[in-house]
Amino acid sequence: MTTRNRDIAAAWGYHTATNHTERSVYNSSHHMDFDNQPRPFKIYRDLEAVTLPSGLEPSGTLALDCLGSAPTHEHRAPTLLELAGLMHHAAGITKVREFPGGKMYFRAAACTGALYHIELYLVCGDMPGLPAGAYHFGPQDFALRRLREGDYRGLLVEATGGEPSVAQAPAVFILTSVFWRNAWKYQARAYRHSYWDSGTVLANLLSTGRGYKLPIKVVASFVDEPVNRLLDLDDRKEVALQLVPVGETPEHTIAPAPPVSSLGLEVEPYSRRQVDYPAMAEAHAATSLDSPQEVSELWGKPPSLAVYESQGRLFPLSYPPAEELPQDAIEDVILRRGSSRRFRRSPITFQQLSIMLDRAARPVPADFLGDADATLNQLYLIVNDVAGLPSGSFVYRRDLGTLEQLEEGDFRDQAGRLDLGQELSADASVNVYSLTDLNAVLERYGNRGYRMAQMEASITAGRLYLAAYAQRLGATGLTFFDDEVTEFFSPHAAGKSVMFLLAVGRPGRRG
Ligand SMILES: Cc1cc2nc3c(=O)[nH]c(=O)nc-3n(C[C@H](O)[C@H](O)[C@H](O)COP(=O)(O)O)c2cc1C
């Protein structure tokens, strides 16, 4: 029997319907109703706050050593202070700005429209300072709220088909998206943003975890329904996106979970009224898995992606001596990060770009990639102004650690057009696009591959952000005209789909 995950017309259908075209962007009658703007926090009416410890201890690990997936970790459980540090540096409030209309609470990870629709939950066994339970993280008061008392990790072990990192984890984070909070501005395209914006959170979570030398991994394959039920979610409105097991206790076996009844927890309404975009819940249902067997079929063995044999000039990445690498710790870089609102037209160096590409494109520790040195995406670049490189278009050959030139020329105007005419891509020193061979990905993983390709691209982009800020450069995520980007990089990119765009440069003053 064909499962719903294997009917890949559904993922294609959602993707094509939400591509940005000139028509969809300029003929749209959608406007933002600011009187109805959703609150960016999930507030439970009746749950008591369990305040998290303050006085977070910096890991002291260099930011550039935390990007990537080298398995230098200790086989141990995280402390409560480390879990608090992980939550703060992934989804905590890191900046407050006063505006005429009120206060804006900026978070550790970049998010489309600063709408912060990604929520973080923690499921753990008994640990010093925190009894076993399923908790919600509230950044607004840096506190946990316990949804369920008891050890529910067994449910996650079962839902992931016994994925080894989950089966040994003292604690598991679950990321969710509250659809309406992003769809208010972006309508149905917001389903992509669930993965874009959880990807930047994951990049921070993974690199902070590496800073603490904890085992940490992204688990994208799980039976959806029980996980959503555990968190008391209405899956037409909020859904679990990824599981992130943290730490390792090899001697410990996780007991089966107690039964999971509906809790009916009351949450403050996000806004006066909500508009439903059924395409989002439909895309999520089509990418959902129904059995542990379906889950384990998706582990490892990534697809071989379309290879275009080109013979452009090669520019091997070039690095400064180790003693000249930036020395900032990962936490400092995360706290310093903030999307550039303007770039000055001035160059970055090829060495700076090399460090960014090298760190960001390392394999993501994820169940769907297994131990393979693989990726679902390939990076394409428009170089506007990088000292040591001719301006033009390039593709990053990760296998060779080299940039391959596609075409030489000044493409600032085209770059500015591709990001919907925003000036940021035209002014940036370099624009980095993630493109995937979506057909190969969907053939291998079913519709679920759509989630995987989007999240892998955005984890890479989240790392690019951090690698840029570690070097005191600026960066910003950007949206784009999908097919025009593919066309721009064709024939090399023909048939591929764009998953992410990140612009990097030297920040300028806002006009
Ligand atoms: C996937 C993604 C797409 C984005 N697209 C745009 C964009 O098209 N234009 C823009 O000005 N900013 C864009 N941003 C930047 C966000 O507006 C910014 O992250 C948000 O305002 C939060 O601010 P911060 O990144 O400084 O913390 C994007 C960010 C992300 C993560």
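1. Pro491 sits in the loop that runs between helix H18 (482-488) and strand S18 (497-507). Helices (H or I, at least four residues) and strands (E, at least two) are DSSP runs numbered from the N terminus. The peptide bond joining Ser490 and Pro491 is cis, with omega about 10°.

2. This is a predicted model, in which local features need pLDDT of at least 70 and side-chain atom pairs count only at pLDDT 80 or more, whereas totals for chains, interfaces and linings use all residues. Residues are numbered from 1 along each chain as its sequence is written, and side-chain values use heavy atoms, with hydrogens and water left out.

3. Phi of Phe142 is near 45°, a positive value in a residue other than glycine. Most residues other than glycine have a negative phi, and most peptide bonds are trans.

4. The protein is divided into domain 1 (65-287) and domain 2 (314-507), with bounds from an automatic or database domain assignment. Their contact (heavy atoms within 4.5 Å) takes 41 residues from domain 1 and 33 residues from domain 2. The C-alpha centres of the two domains are 26 Å apart.

5. Between them, domain 1 and domain 2 bury about 3300 Å², 59% of it on carbon and sulfur atoms. Buried area here is the accessible area (1.4 Å probe) that two parts lose on being put together, summed over both. Of the area that domain 1 buries against domain 2, Leu67, Trp196 and Thr287 supply 21%, more than any other three residues.

6. The ligand lies between the domains, because domain 1 (65-287) and domain 2 (314-507) both give residues to the shell around it. That shell has 21 residues, the closest being Arg337, Ser339, Arg341, Gln422 and Gly477; a residue is near a molecule if one of its heavy atoms lies within 4 Å of it.

7. Strand S3 (102-107), helix H8 (190-211) and strand S17 (474-478) each supply at least two shell residues. S17 gives the most, with three. By type, the shell divides into nine nonpolar, eight polar and four charged residues, with Gly counted as polar.

8. A polar side-chain atom of Arg337 lies 2.8 Å from an oxygen atom of the ligand. An N or O atom in the side chain of Gln422 is 2.7 Å from a ligand nitrogen atom. The protein covers 88% of the 610 Å² of accessible area that the ligand has on its own, by the Shrake-Rupley method with a 1.4 Å probe.

Note on methods. Polar contact = N/O pair within 3.5 Å; in protein donor to acceptor, adjacent residues only side chain to side chain.
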